[in-house]
Each structure stands twice: as C-alpha cells, then as structure tokens.
Amino acid sequence: MSAGTYTPGPWMAYNAQGGRIFKKWRIHRPGARVIAEICENNSTEIEAANARLIAAAPDLLADAAALLAVVDEVVSRCGWMDHGERERMWATIKRARGMA
C-alpha cells in the first residue's frame with residue numbers, strides 16, 4: 001500500500017443542502033466535492049452517527065498523533081515502560097495514513 005495523502009479536514013457530515021434532503025449522508029470538505037457517502041440501510045440515527053464519526057476522522061488522527069508524541073516524550077524522559085499500548089497506537093496511526 002502506498003502512503004498517499006487524504007483530503008485535509010475539516011470534513012462535514014450532512015444529509016440536506018439547499019432545501020434538498022438526500023437519501024444518504026454525505027461527507028465533504030467545505031468548498032470541495034463530496035468525499036464519501038454513507039450507503040448503509042441502518043436507522044437514520046446510526047447513519048448520522050457514522051457520518052459524524054467519519055467527518056471527525058482527520059481531527060481524530062491529528063489529535064491522536066499529537067497526544068502520542070507527547071506521551072513518547074514523557075516516556076523517554078521518565079523511563080516509564082508501557083505494555084505495548086504506544087506501539088499499537090502508532091501502528092493504527094500508520095495504517096490510517098497508508099504507511100502500514
């Protein structure tokens with residue numbers, strides 16, 4: 001898998017625009033085209049929750065990486081040992097960035 005870049009945030013979730021109500025929730029970056037659509041046949045509440053989670057993905061990824069960098073610094077200064085949590089989190093971040 002090559003390490004590509006994703007559409008930068010912020011992303012927004014919506015199911016209506018200009019007075020039109022869509023059958024599917026859409027994720028987009030303001031001023032850009034649709035990034036994704038939720039294509040499940042779940043309840044409206046579940047589809048809305050999934051859309052919000054996907055729309056938050058760029059911020060979640062950036063915040064997790066920033067927090068983990070701080071944790072790494074504290075660990076290196078204090079000699080604290082973890083039980084693999086940091087490695088698992090970095091692996092997840094790399095996977096999200098297309099680097100694993």
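**The salt bridges**

Mentor: Glu37 and Arg26 join their side chains in a salt bridge, with 3.0 Å from N to O, the term meaning that a side-chain nitrogen of Lys or Arg lies within 4 Å of a carboxyl oxygen of Asp or Glu. This pair links distant parts of the chain, 11 residues apart, since Glu37 belongs to strand 3 (residues 34–37) and Arg26 to strand 2 (residues 20–28); strands (E, at least two residues) and helices (H or I, at least four) are DSSP runs numbered from the N terminus. The model is predicted, so local features need pLDDT of at least 70 and side-chain atom pairs count only at pLDDT 80 or more, while totals for chains, interfaces and linings use all residues. Residues are numbered from 1 along each chain as its sequence is written, and side-chain values use heavy atoms, leaving out hydrogens and water.

By this rule the count comes to three salt bridges. In another of them, the side chains of Asp72 and Arg86 meet at 2.6 Å, N to O. Asp72 lies in helix 1 (residues 44–78) and Arg86 in helix 2 (residues 85–96), so this pair ties together parts 14 residues apart in sequence. Arg86 counts as buried, at 18% relative accessibility, whereas Asp72, at 24%, is partly exposed; buried means under 20% relative accessible area, exposed over 50%, and partly exposed in between, with a 1.4 Å probe and protein chains only.

The remaining salt bridge joins the side chains of Glu73 and Arg77, at 2.6 Å from N to O. Both residues lie in helix 1, four residues apart, about one turn of the helix. Glu73 is partly exposed at 39%, while Arg77 is exposed at 67%.
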